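Reader: Please take a close look at the salt bridges in this model and at the parts of the chain around them. I would like the setting first and the details after it.

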Amino acid sequence: MSVTRCRAIALFVVALTFPLRASAQWVRPLSLDMNVGPGYLVGGPEVRTRASFVVDGLLTMRLAKDGSSGLLTGVSVGWQAPPTGGTCVLRSSGQCLSDYPQFTSVGVLAGWTSGDGRVRVLGGVASVQADKKDYANKPDHTVGLPVRVESVLAKVSHLAVVASLRVTVLPGYRGDTYT
């Protein structure tokens with residue numbers, strides 16, 4: 001094992017064991033969350049695959065006093081993309097199914113957080129842009145309605161394992177509803 005890797009592991013262990021109170025994260029009203037993981041796409045026309053990869057960031061500001069439940073506002077940025085290319089799956093018309101579009105979004109959210117910060121519920125509005133492979137010279141924007149529900153499963157010092165459900169509904173994209 002290299003010296004650099006040993007130092008990185010030692011730094012990580014020290015950060016996990018540093019004696020901060022769990023409530024220390026609420027001293028500052030700003031919070032930055034980053035999520036990476038699998039996703040699933042629903043709605044729209046018949047497509048080749050609905051599995052996707054998601055990258056998401058959320059900057060929130062807690063408006064309630066420390067230790068009390070209350071209002072939370074935030075700005076989110078996200079990217080969701082299915083795998084592309086590969087084999088041709090035929091649709092009933094005999095043509096290959098198209099790939100689901102890649103979506104990039106920027107949203108404004110507001111919601112509620114519990115006093116201990118273990119549960120958050122946010123909703124809002126987002127500007128969503130799809131990849132332009134089908135409409136090369138046209139901007140491909142729509143309005144999305146994002147909703148997030150997050151719950152802390154476990155805390156270790158000042159880090160937490162969080163379960164998160166994030167849904168963005170696109171009510172009128174290319175004549176279909178996407179989720």
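Author: What follows starts with the model as a whole, goes on to the salt bridges, and ends with a loop and a surface patch.

This is a predicted model, in which local features need pLDDT of at least 70 and side-chain atom pairs count only at pLDDT 80 or more, while totals for chains, interfaces and linings use all residues. Residues are numbered from 1 along each chain as its sequence is written, and side-chain values use heavy atoms, with hydrogens and water left out.

The protein chain has a mean pLDDT (the predictor's confidence in each residue, from 0 to 100) of 76, and 71% of its residues reach 70 or more. The chain holds 1 helix and 8 strands; helices (H or I, at least four residues) and strands (E, at least two) are DSSP runs, numbered from the N terminus. Along the sequence the order is α-β-β-β-β-β-β-β-β. Confidence is lowest in helix H1 (residues 3-17), with a mean of 56, and highest in strand E4 (residues 103-113), with 92. Over residues 18-27 pLDDT stays under 50, and for this stretch the model has 12 contacts beyond four places in sequence, a contact being heavy atoms within 4.5 Å. Of the contacts in the protein chain between residues at least 6 apart in sequence, 55% join residues at least 24 apart.

Of the 179 residues in the protein chain, 29% are buried. Here buried means under 20% relative accessible area, exposed over 50%, and partly exposed in between (1.4 Å probe, protein chains only). The accessible surface of the chain comes to about 10900 Å², and 64% of that belongs to carbon and sulfur atoms; accessible areas come from the Shrake-Rupley method with a 1.4 Å probe, and for residues only the protein chains shown count as cover.

Now to the salt bridges. Side chains of opposite charge can pair when their charged atoms come close. The term stands for a side-chain nitrogen of Lys or Arg within 4 Å of a carboxyl oxygen of Asp or Glu. The structure holds 5 salt bridges.

Arg-120 forms a salt bridge with Asp-33, and the closest N and O atoms of the pair are 2.2 Å apart. Arg-120 lies in strand E5 and Asp-33 in strand E1 (residues 30-40), so this pair ties together parts that are 87 residues apart in sequence. Arg-120 counts as buried because its relative accessibility is 8%. Asp-33 also has a value that counts as buried, 18%.

Arg-120 has a salt bridge with Glu-150 as well, where the closest N and O atoms are 2.6 Å apart. This pair links distant parts of the chain, with Arg-120 in strand E5 and Glu-150 in strand E6, 30 residues apart. Glu-150 has a relative accessible area of 6%, so it is buried.

Arg-148 forms a salt bridge with Asp-56, with 2.9 Å between the closest N and O atoms. Arg-148 lies in strand E6 (residues 141-156) and Asp-56 in strand E2 (residues 51-62), so the pair ties together parts that are 92 residues apart in sequence. Both Arg-148 and Asp-56 are buried. A network of salt bridges links Asp-33, Asp-56, Arg-120, Arg-148, Glu-150 and Arg-166.

Ser-114 sits in the loop between E4 and strand E5 (119-130). Its relative accessibility is 11%, so Ser-114 counts as buried. The side chain of Ser-114 reaches the backbone nitrogen of Arg-118 at 3.1 Å. Leaving out residues up to four places away in sequence, Ser-114 touches Arg-62, Ser-68, Ser-69 and Val-119. Gly-117 is found in the loop between E4 and E5 too, and with 9% relative accessibility Gly-117 counts as buried. The C-alpha atoms of Gly-117 and Ser-68 are separated by 8.8 Å, although the two residues are 49 apart along the chain.

Leu-30, Leu-32, Met-34, Leu-59, Met-61, Leu-63 and Leu-71 make a nonpolar surface patch of about 700 Å². Patches are made of residues with over 30% relative accessible area and no salt bridge; like charges are joined within 9 Å, and nonpolar side chains (Val, Leu, Ile, Met, Phe, Trp, Tyr) within 5 Å. E1 and E2 each supply at least two residues of this patch, and the largest share, 3 residues, comes from E1. Leu-32 is in strand E1 and, at 59% relative accessibility, counts as exposed.

How values were computed: A polar contact is a pair of N or O atoms within 3.5 Å; within protein, one must be able to donate a hydrogen and the other to accept it, and residues adjacent in sequence count only if both atoms are side-chain atoms.
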